[in-house]
Amino acid sequence: MRPTVALGLMLGLILSLGACAPKAQIQSNVIPTLISVNIDEATGNLSLQGRYFGDGQGGLNGGSYVIVGADIYGNGGIRVAPSTWTASKLTLPIPSGAGRGYAFVVVKGVKSNGLPANLP
């Protein structure tokens, strides 16, 4: 057998085996984790620190926002779009009327754990 024919057969075999291989799929099963809630009464801002907050792209329409003043399960409260959003820190103005309750971060529809946030 000539070398070019053998090479062609090997290449054909590799390509046909590659077509049968499972395709890699990327999934994001990471749950956002809220670590701290800090109130700065001087600036009127609330800062939330944690992990896996993503980039916040899409905001309220993309299913990414903060809930403040909710019950322990994340029900009720006020939905707020943060003014700054990084993967580990969010800053937002303290919404009027939020009062006592819990704060949650929702990233693309996935809700974090809640932490108490007794707002002025």
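Ser47 is found in strand β2, strands being DSSP runs of E with at least two residues, numbered from the N terminus. This is a predicted model, in which local features need pLDDT of at least 70 and side-chain atom pairs count only at pLDDT 80 or more, while totals for chains, interfaces and linings use all residues. Residues are numbered from 1 along each chain as its sequence is written, and side-chain values use heavy atoms, with hydrogens and water left out.

Strand β2 covers residues 45-51 and pairs with strand β1, residues 33-40, in the antiparallel sense over seven bridges; two strands pair if DSSP finds at least two bridges between them. Within this pairing, Leu34 has Gly50 in β2 as its bridge partner. The two strands form a hairpin with four residues between them. Gly44, in the turn, has a positive phi of about 75°.

Ser47 has a relative accessible area of 15% and is therefore buried (buried means under 20% relative accessible area, exposed over 50%, partly exposed in between, with a 1.4 Å probe and protein chains only). Apart from neighbours within four places in sequence, Ser47 is in contact (heavy atoms within 4.5 Å) with Ser36, Val37, Asn38, Lys89, Leu90 and Thr91.

Tyr52 lies in the loop between β2 and β3 (65-70). Tyr52 is not a glycine, yet has a positive phi of about 60°. Its relative accessible area is 48%, so Tyr52 counts as partly exposed.

Lys108, also not a glycine, has a positive phi of about 50°. The loop between β7 (102-107) and β8 (110-111) holds Lys108. Lys108 is exposed because its relative accessible area is 63%.
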